[in-house]
Amino acid sequence: MAGNRISFVDAFRFWLKLGLISFGGPAGQIAIMHQELVEKRRWLSEKRFLHALSYCMVLPGPEAQQLATYIGWLMHRTLGGVVAGLLFILPSLILLIALSWAYMAFGHVPWVGGLFYGVKPAVTAIVLQAALRVGGRALNHWSFWVIAVAAFLALAVFHLPFPLIIVTAAAIGVIGGRLAPALFRGAGHKTTQTTHAPAIIDDDTPSPAHTRFRWPRLIGVLAAGLLLWGLPFGALGLCLGWQHPMTLMALFFSQTALLTFGGAYAVLPYIQQAAVSQYGWLTAPQMMDGLALGETTPGPLIMVVTFVGFVAAWQNGWWHGHEVLAGIAGAVIVTWFTFLPSFVFILAGGPIVESSRGDLTFTAPLTAITAAVVGVIANLAVFFAGHVLWPKGIDAPIDVAALMIMIAAAVALIRFRANIMAVIAACAIVGMLVSIWQ
């Protein structure tokens, strides 16, 4: 079997390394995997890599983490997939719990508040850059501009639910894929033609036996996933109550995991809408602070939900006298229910995808969803800008210092393509100095 020629120990070391250095969002994380696994180590070929990536791109959830899970499963069965997926998020989980504790314990210290004063405008610029970056790839026809603008107006003006926007975009893609297949086919993945030595799992390497589709295996994976979701959710409901915030968070982030098409920025408005406006688990400024922490840690950006879970459990008095333990429990619960579906999608759908190499037909809905995502991200940028520039309300004077920091960050990111972490660090220092001066 081809996968057995790759040492599990070597794979474990690589997945751990990836989890520690996976900064830069999904594009950077996928680039690292491509460079290491396809170009350097030659564990699998370009076509096998891109085939797996195509499947992960049409799934809800963090595509880079799902790609790592898929490749780990392809090489070393279910254990390999679980290990790869867990190591991708575990370092980020531990680090974000520590940073969330520091934020809640010391966030009201003046100089710490000054740091976040500078970080918030940087986050707004980052979200704007994300809208431009995704839009540059997705809006290559007037019809996609229509979808993007409609999604923006649906959220900003009509306040329609995020899931409805995603479902509508997907339906447009399905219909458009039938009526105008050339339009919704998409550009695919551009690659550079290079000459490589044969890969261990090459283009013509027969699929390992464990990757072949079998109904009993599919049913077993789905049953295991349902148990891993149902048992902890049932325990929360029976022990704490079905209306307890912990139980509601588990249910909400389970739903969120099924709606994260188009990356974390696409679903953040949905999370913000529920966590801030609907449930009041945390404030809009805290949500922005959490996004900043998520940007500066390795792992998928959707790990910002770990911060949401920690802060919500800490400050709402769910466990009096044990705020730290409550925060840790909230962070772990939210992370579990957010990422569990990703493992099920890969382990259940992987054999189907392996059997369909060269015959994928589900990209049209993704193309339409991606266009809608541009409008969704633009709406998020407007939401953040409103809270940054008018912190005391729209009737108050604009915060000129915050505006200047936001413009400088946007120029650095968009015009000079500066490193995100460097921009956040610089803005944090400037924010602290401005706070001291004021």
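Predicted model: local features only at pLDDT ≥ 70, side-chain atom pairs only at ≥ 80, totals over all residues.
A search of the whole structure finds six of them. We visit some by name.

**Stop 1: helix H1**

Select Arg 13 and Asp 10. Their side chains form a salt bridge, 3.9 Å from N to O. Now show helix H1, residues 8-21. Both residues sit in this helix, three positions apart, so about one helical turn separates them. Is Arg 13 buried or exposed? Arg 13 is exposed, because its relative accessibility is 57% and the exposed class begins over 50%. Asp 10 is at 35%, so Asp 10 counts as partly exposed.

**Stop 2: Glu 36 and its partners**

Next, select Glu 36 and Arg 41. A salt bridge joins their side chains, with an N to O distance of 3.0 Å. Glu 36 has a relative accessible area of 9% and is buried. Arg 41, at 29%, is partly exposed. What links Lys 17, Glu 36, Lys 40 and Arg 41? They are connected in a network of salt bridges.

**Stop 3: from H3 to H14**

Finally, select Arg 48 and Glu 354. Their side chains meet in a salt bridge of 3.0 Å, N to O. This pair ties together distant parts of the chain, 306 residues apart. Color helix H3, residues 46-57, to find Arg 48. Then color helix H14, residues 323-354, to find Glu 354. Are Arg 48 and Glu 354 buried or exposed? Both are buried.

Definitions and conventions. Residues numbered from 1 in each chain as written. Heavy atoms only, no water. Salt bridge = Lys/Arg side-chain N within 4 Å of Asp/Glu carboxyl O. Helix = DSSP H or I, 4+ residues; strand = E, 2+ residues; numbered from the N terminus. Buried < 20%, exposed > 50% of the residue type's maximum accessible area, 1.4 Å probe, protein only.
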